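Here is a brief report on one protein model. It starts at one end of the chain and moves on to the packing inside.

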Amino acid sequence: MNLQKIQAYIILFKRYLKSKDAENQLYKWESLKFFQDSWDLSEPNLEKMYDASLKNTQTTRLWKGNNYTPKRMMLLFATMAPDYVRHCFKDLFEEEKNIADRVDRFIFYCDELLIEYKTQNGLSIENNHYHDYSIISLYLTFCFPTQYTFYDFFTFQKSMLHLGSRNIPEQNDVERFFKISRTLWKFLEKDEAVWELHQKRLYSPNHYQEKSLLLVHEFFNVIAAKKL
């Protein structure tokens with residue numbers, strides 16, 4: 001990545017933080033706070049805990065869209081096999097293990113849960129658990145906000161092109177994505193104006209107030225939206 005380009009995009013990012021577009025992204029910071037306040041794998045009622053953890057007063061777009069319902073499917077799995085679902089999340093959040101392996105195993109676990117669900121519900125038309133890199137990165141971000149951020153391959157790819165990377169990703173590479181996200185976070189964190197502008201837009205007690213790589217997610221979006 002080119003240092004001058006990173007610095008130029010940080011200037012652009014600070015302009016963005018003063019805009020209405022930046023305010024419109026605060027629902028993500030609200031959902032982060034709900035998750036941080038509610039997530040507890042020791043909770044006996046796993047379904048209820050999971051449901052409370054993925055919550056927002058404005059929108060459900062992070063876990064529900066057209067033909068995209070990962071939250072609904074995980075609630076079905078949590079009802080059917082709560083102990084196995086607990087194991088899935090414990091493994092995903094085991095920071096001593098390789099992140100790419102953890103993500104791939106989580107997808108495998110969900111494949112297995114879907115097979116079991118269809119076996120137990122022979123008339124079910126469910127054929128997708130919707131647990132892709134995007135929703136898994138959301139779980140990671142919400143559990144470890146200073147280590148991870150939302151993953152979108154095409155935004156990542158465009159951002160690397162805009163930042164002058166000599167190695168543009170051609171396929172999913174979550175391990176590299178998270179490493180680069182932490183590197184960019186260091187640049188954003190050093191710029192006091194970035195944090196001050198971000199803090200000014202947090203008008204609700206429902207907004208997560210601590211530092212988080214969610215800012216890097218927004219930074220990626222600003223970079224990728226810029227025309228070359």
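Gln 4 sits in helix α1. The model is predicted. Gln 4 has a relative accessibility of 63%, above the 50% cut-off, so this residue counts as exposed. Gln 199 lies 195 residues away along the chain, and the two C-alpha atoms are separated by 26 Å.

Asn 2 belongs to the segment before α1, a helix that spans residues 3–17. With 30% relative accessibility, Asn 2 falls between the 20% and 50% limits and is therefore partly exposed. A polar atom of the Asn 2 side chain lies 3.0 Å from the backbone nitrogen of Lys 5. Beyond its neighbours within four places in sequence, Asn 2 is in contact with Leu 163 and Gly 164. Leu 163 is 161 residues from Asn 2 in sequence, yet their C-alpha atoms are 5.8 Å apart.

The two C-alpha separations are set out here.

| Pair | Apart in sequence | C-alpha to C-alpha |
|---|---|---|
| Asn 2 and Leu 163 | 161 residues | 5.8 Å |
| Gln 4 and Gln 199 | 195 residues | 26 Å |

The largest nonpolar core has 74 residues. Phe 13, Met 74, Phe 89, Leu 92, Phe 106, Tyr 139 and Leu 140 touch the most other members. Helix α7, residues 99–120, supplies the largest share of this core, with nine residues.

What does Phe 106 contact, leaving aside its neighbours within four places in sequence? The partners are Met 74, Cys 88, Phe 89, Leu 92, His 131, Ile 136 and Tyr 139.

The largest cavity has a volume of about 40 Å³. Its lining consists of Trp 185, Leu 188, Glu 189, Asp 191, Val 194, Trp 195, Lys 211 and Leu 215. Helices α10 (174–190) and α11 (192–201) each supply at least two lining residues. α10 gives the most, with three.

Last, confidence. The protein averages a pLDDT of 95, and 99% of the residues score at least 70. Among the elements, helix α8 (residues 133–143) has the highest mean pLDDT, 98. Helix α2 (residues 20–23) has the lowest, 92.

Technical notes
Residues are numbered from 1 along each chain as its sequence is written. This is a predicted model: local features need pLDDT of at least 70, side-chain atom pairs count only at pLDDT 80 or more; totals for chains, interfaces and linings use all residues. Side-chain values use heavy atoms; hydrogens and water are left out. pLDDT is the predictor's confidence in each residue, from 0 to 100. Helices (H or I, at least four residues) and strands (E, at least two) are DSSP runs, numbered from the N terminus. A nonpolar core is a set of buried Ala, Val, Leu, Ile, Met, Phe, Trp, Tyr and Cys residues joined through side-chain atoms within 4.5 Å. Buried means under 20% relative accessible area, exposed over 50%, partly exposed in between (1.4 Å probe, protein chains only). Contact means heavy atoms within 4.5 Å. A polar contact is a pair of N or O atoms within 3.5 Å; within protein, one must be able to donate a hydrogen and the other to accept it, and residues adjacent in sequence count only if both atoms are side-chain atoms. On a 1 Å grid over the protein atoms alone, a cavity is a set of points where a 1.4 Å probe fits but cannot get out, and a pocket is an open set with protein on both sides within 12 Å along at least five of seven lines; lining residues have an atom within 4 Å of a point. Grid points are joined across faces, edges and corners, and a volume is the space filled by probe spheres set on the points.
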